[in-house]
Each structure stands twice: as structure tokens, then as C-alpha cells.
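Please look at the arrangement of secondary structure elements in the model shown here.

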Amino acid sequence: MQETYLVELKNITKRFPGVTANDKVNFNVRKGEIHVLLGENGSGKSTLMSILSGLYRPDEGEIIVRGIKMVFRSPRNAISAGIGMVHQHFKLIDSFSVAENVILGDDRTAPVLNIKDVENNLAQLSARYGLDINPSSMVWQLSVGEKQRVEIVKMLYRGSQVLILDEPTAVLTPQEADKLFRNLREMAGTGRGIVVITHKLNEVMEIADRVTVLRRGKAVATLERGQFNRTDLAWLMVGQDVVLQNKKKSPPGQRKVLELKGVGCLNDLGRNCLQDVSFTVHQGEIFGIAGVAGNGQRELAEVIAGLRRATEGSIIVNGTDITGFSPRRVIDHGVALVPEDRLGTGLIPNMGAVDNLVLKDYRRREMSRGPFLNRRKAYEKVKQLVNRFEIKLSSLDAPVKLMSGGNLQRLLLAREITSNPKLLIAVYPVRGLDIKATEAVHNLLLEQRERGMAILLISEDLEEIFKLSDRIGVLCGGRITGIIPSEMTDIEEIGLLMMGGTGEMVL
Amino acid sequence: MILPGYVIEKRLTPSSTAYVIIPILSIILALAAGAIFLELSGRNCFEIYSRMFSGAFGSRYGLSETVVKAIPLTLTGIGVALAFRMQLWNIGGEGQLYMGAFAATWVALTFPGGSGWWVLPTMVLLGMLAGGLWALIPAIPRAIWGVNEIITTLMLNYVAIFWVDYLVFGPWKDPNGFNFPMTAQFSPGAILPALGNSRIHAGLFFGLALTVIFYLIIYHTRWGYEIRVTGENPNSAHYAGMNSKRNIMLVMFFSGAICGLAGMSEVAGIAGRLQQGLSPGYGFTAIIIAWLSRLNPFAIVIVAFLFAGLQVGGYIVQTSGIPSSMVTMLQGLLLFFVLGGELLTNYTIKRMPANPSGDDMR
């Protein structure tokens, strides 16, 4: 007899203009298993799960829930069929309590609200799975890990039998991730099916009962625990062997390029978000900033680049105090920034490659004739950069928003690197890039290091930090909780510092 | 979702035939919608439309009147488009036009015998300066504190219009003008030269020259590049070290200055005096024109010409008892349909598959 799955996707195809995000994908979830959906960014994992959770409709294929064929018109349909998704970006209302968030949009809620009942139910539910949350606390008071638990409880409360988590560990410290995995195991133990979307191999090895690998929209393999190992999975994901190590050659120089002394600043809400931040970056050195996202990383980059005002302390670049300089003067002092938000800040989505590549040097003499832009010079430069950095373009004038993430990042790096800065600040430089593009970006950064550039690398990916950095500074709650040479530490110690511990406590 | 079972999806690359066909279809549909109202009011819509068309474009006189109306529409269209390029919503073109007319008139009235070569250039300069300063008033709080310029520019329109009203009803009223709200006639030295014996004046040259200048500045200068970048993505502009505050003030100043020039050329080219109701809302129509042209300067000239034709055609049919508000309504319908049609250029409507088990789901 054919096995009845909790949910089964058959021959799912989803096309977006220009790409086939899912191509005849088969995927199923059994009772009580943790099924990992593995693939690089852009391989179609999120699209597939968005189809399962009712956010998108497939162009072809069937969704079968416990043997019954269904069509989801909205996430509401999927939720009532027992399928719940926890998105990477949480959908919670900060000014509501946990219980209020949980019942929001749930049509079983009685017209006369008895929030105490809901809170009691939630308290029982969370206790059963070891998800410690307080149903009456306000969401804005919660940490990222707690918010994630609220999202999970919300889905359990609505009776989800299949729980999908999209890159759940991206915002967690290693310790919080371990706790999450224990919780997930307990939920699977009660007969639910858990789907975890990830691109991290170590997570697959740790929790997967089964794994399905997606590559360019196709399901290339579904393997049971015991049938897979890291190398196989990496090979399946990428479709070719990956060179994992690139070694730094020369030691960093002695000359200080960037020096921060007790720097503080406010965030967009006007609250203190950096406090007493001090460190130095030397010539030819990559200084990594590790930390859970949202602990002041973006603000740190902006304060150095002059985009945000420092409320205390001083920032010194090459011996000049640049505190309080306008962004333009900071650029002129040799500071380049690859911002976190590629299309929102670093590039102009509706403009072509030429207009984007001259963003930083359009006012230089070699790019202008009097008040006019020298278009011919700009085109020459762009053609040169496109070749040197292997940027794939349909045309030099087509809007860059049509380019892939990897190419966008190359374009951005090409512009910032060729402005010959003394200091390059790279914020999450490989976020959303696939393995090949990541390698390309890392090699570019290492090349600049060899040429003597000082690089401040801000990343949430500890593997990346360890691979590239000479020294690692940990940012937690807007303070530097430790600075350690990368060969003298390990992921565990950095993880503790990320949670606010100090170096001494590790002993 | 627009209708149950249908969804709107974005097209990645708008089809090139859609770019041409959709606006034409939209115009036809707008005329058809207008025809419903014409028929309801008991008139033959074909007759009205054909009389409007031949009135505006069919005769030498009609064509020259259309060009006369196209001049201020082009100038104000270019003026507001400059600000729109930087996502500054200058709704104050009308007021800036009035202030330009006011300053130009001041020159003409202060030097009544002035027939020197310098009179007209001074009127141009002061007219532009006044329009520019009028636009700078809302630009400064916008640049420094982020005060919404839509409201401030809109309100300043009425200040300018009533200021001119005050002058023509009061201190500047022509003592020999039979009590009409208008100033004395300018001396010949303060009147723009006309083309042959038509009413088409040198303002046409201002309009065409500014169209080319607008194009050169926006697409070929470093400053234009800053304007485009700031308009597309203010974050990028800040990140690239562009001085947005300075640019907001400069762009608004020049935007107002061009509208001011429109006012100057109206008083010095058409009326030869300042009068009440100088503009039938050119500065407002300019907003529609700038949008329909997608802020492209050459398209602005063409669209301004068509809108001028619509107005002239409207005047012509008014003689047969069609209310002038009918023309305003047609303008509104055109904007409505063309902008609505734009949705179809960039999006496509798709039918969703039926749901076999949808009904028993909650």
C-alpha cells in the first residue's frame, strides 16, 4: 500500500518571469520526522515552501494533505489544513503581547475575547515542548530567539501538523540554535512533521532524519539519515567540487588605518545603540565583526562612513580625525562601504550599470568635462570593470535590478574596490549569494588584503568570519565584548561573547 | 486580487508593442467615456469631437492659438518635471507662474518709457528670480526639517494668486482701465516679439530652449546625475556623499524659476499687462503633462501641444453651449485612463485555476 504522508508535493512547477524557481519538484513529509530542505540561496527552497504554505500558487503540480488533494488560495487555507510556516522575518506586532499576537488573524477566536484563557492555553502548550515564553509579555521586550519561539507557538496553537521553518538559525547564536533543535525534536516526537530550510551543512548533519537537496529549482536527491555525509551533500548542492580553503599569505602590516576610540551613536529610534566601541584595523588586515544581527553592526558601519553621527568618541582614519565629517569627505579620505542593503543603498535599482558604477567617482576630474559627465570615459571604465570582475550583464544600460544577487555584489565590490580606498567596510558581503559567488567575493576581499587594504568585515556567518579574519571583534548589545586573534579562538568562545559573556568567563 | 479567480502579476520586461498601443487605446477609451456624458447631455459626441479637433488643429488660427497655449504648458511642464525628477512634489507651479508675472510686470511698470534693450532681459531675469524664490520658500523647510512640500507649495499658490489680485484690483489698477482688474498696457519695449502677425510670441523659443537644456542637464551633467540618483534612491545619494539639502533647494529654485518664466512670457507675450485670472490653471495642468510624459522633456512638448489643443477645442465648442467644465472633465478622464492603462504595460492579469476542493475549506 502506498504510504500516506502528512503532506505531499507532486511535480510542483513555479515560474517567475525569467526563471523557473521550481521545476517538477517532489517533496513529502512523514509523521514525526525532521525533514531538511537543503540548497543554496536561489535554488528554490523558499519558493517551494511558500507554495506549501499557501503564499504562492504553483503553475503545475499537486498538493496532497493526508491523502486529499488541495489547492491553497491563501496562507489561511494552508493553516486550516494544518500547515504552518515560520518565516525568516517574523510577522509579529511589537506593541501587542505574545497572546494577542498568537490569536491575531485566527478566526476561531470568540467574539468576546478572553485573553486569560488564551494565555493559559499558551502556557501549557509552551511548557509541553520546552518553549519557555511568557504569554503576557510584550513582543518588543523579547529577544530574537524568544520571538522565534512565539512564531512557533503561534503555529502550534493553530493546530499545525506540519511546521516549516525558513532558515531558523540565521538570527540565533550557536547556543540558541542548539536549544531550538532540541525543541524541534520534541515536537517531532509528538507525531508532527518538521521541515527546516537551510543552506548550512552542519545543521543537516545535526538534525535531519531525511534531507531533500534542491539545485536550480530541481530536487536532485532525497536521502535518509545514514545515507549522506557532508561531502556528498556539498557536492549535490553545488553540482561540482568546492574548494573550501583559501589561505592568507602575508601577515598584516603595523600601520593603523582605522582607529575607533570610545565611539557611541544612536539608532533610528533615537536610543543608544553603540557604546564605547574601540578597536583598530591595520593595513593589510581583515578585522571581522561577529555578532547576532541587530546588535549595532549596521550602525557601526554607518558611523564610520559618516552616514550616522557619532554621539561620543572619535574615529581616526590614516591619522586624520574624521569624526563628524560629511559622507563625501569621508569618501575623499579613502573610506569605501559595501552596505548591507545592496539594492536599497549601494545601488540604484532602476539605473543601468554605467550610472551605478560612476556613483562614487562621477565628480572626479577624469570623469567630467566641465559641468558635464564624460560618458565615453564612463563607458570605457565600465567595460573594463565588467571584464575584470566578470560581471554578467545583458546590456550596460539595462536596470541593474534585473541582475542576480551575485552579479550585483560583484558590481558593487568592483566600484568600491576600484575607488582605491584605504579602508573597505563590507557589511554582510555574501548574504544571499550562492557558494560560487561567495567564493568569488571572498577571493576579492583576500586579494585586497594582500594589496594592503584594511578591511572591516561585518558578518553574521561565523564560518565566513573565521575563514577571512585576522582578528575578530564581537559586538553584543552595542558594545565590543571581546577582540581575539582568529587562530586563538573557536566558534564556541565567539558564540558566548555574542551572548554578552566576556572573554574571561570562558575559562 | 481584483476579481475572485484572477490575479495581477508583474511583467519583467514590458512588451514594446504595449508601450505604443496601450496609451493610444487609453486615449480612445477616455474619449469614449467622455462621449457617454456628452450623449447624456443630449449632444452628438462625434460632432462635438470633430469640431474640437478641427477647431484646435484644423485652421491656421486654431493651430496658432494651440501653440500659444502650448507655450506656458511646456514651460510649467518642464519646470515641475525638474522637481519631480528628484521626487520633490512641486504642486506650486501655478503660484510660481503668478509671481514671475508679478515681477516682470513690476519691471515694465517701473520703467514705463523703458524701451532700451535691457528691459525684456531684466523682466526675464526678475520673473525667473521671483518664481524661483517663491519655490525656495517651501524648499528650505523641506530640506532642513523634512516639511512636506506638497502642502506648502499648494498653499503658496493661493497666496500668489491673491497677491496678484490685490495688485490689479488695488495699487496697480490701470486708472484708464474702466475699472477692470488689470494694470496699464506695457510699453512696446516690454512686449515680447511675435511671430509674423500671429499671437505666437518669443516664449515659444524659451520653451524649446529649456526643453533642450533640461535634457542636457538631466542626462549629461554631473548635477543632473545627482538629481536622477536622488530621485531614484535617496539612500544611495546620501551614501555617495551627495549634498541632498543643497540639491533640494537648487532644484526647487530652478523649478520655480522656469514656472516664473512662463508667467513672464504670458504677461509680456499675450496680454501685455498683468490681469486677474492670468492663467487658467497652467501650473496645475503641467503636473498632468509632466506625468503623462514620464518626465521626458521631449514628450512634455508633445503632450503640452495636445493638451493645448484640447483647451482650444474646448473654447471653440463652448460657443455652441458646451460647458467649459466638460473640457476639464475630459482632461481628467485622459489622465485617469492613461495612468490606469500603465498598469497593463507593467503588469498582466492572469486567471487562476479553479479550486477542486476549495469550497469545503474554511
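## Strand pairing around β19(A)

In this predicted model, Val335(A) stands opposite Leu423(A) of strand β19(A), and the strand that joins β19(A) here is β16 (residues 335-338) of chain A, which runs parallel to β19(A) over 4 bridges. Strands are DSSP runs of E with at least two residues, helices are runs of H or I with at least four residues, and both are numbered from the N terminus; two strands pair if DSSP finds at least two bridges between them.

β19(A) also pairs in the parallel sense with strand β20 (residues 454-458) of chain A, through 5 bridges, and Leu423(A) stands opposite Ala454(A) of that strand. Between β19(A) and β20(A) the chain passes through helix α15 (residues 435-450) of chain A, in a right-handed β-α-β crossover (clockwise from the first strand over the helix to the second, with the strands pointing away from the viewer).

## Burial of β19(A)

Strand β19(A), residues 423-427, has 5 of its 5 residues buried, where buried means under 20% relative accessible area with a 1.4 Å probe and protein chains only. Leu423(A), Ile425(A) and Val427(A) point one way from the strand, whereas Leu424(A) and Ala426(A) point the other way.

## Helix α11(B)

In chain B, helix α11 (residues 282-292) is mostly covered, with 9 of its 11 residues buried, among them Tyr282(B), Ile287(B) and Leu292(B). The elements covering these buried residues include α3, α4, α10, α12 and α13 of chain B, by contact, that is, heavy atoms within 4.5 Å. Arg294(B), which follows α11(B), has a positive phi near 50°.

## Conventions

Residues are numbered from 1 along each chain as its sequence is written, while chains are lettered from A and ligands numbered from 1 in the order in which they are written. Local features need pLDDT of at least 70, side-chain atom pairs count only at pLDDT 80 or more, and totals for chains, interfaces and linings use all residues, with side-chain values using heavy atoms and leaving out hydrogens and water.

Technical notes
Buried < 20%, exposed > 50% of the residue type's maximum accessible area, 1.4 Å probe, protein only.
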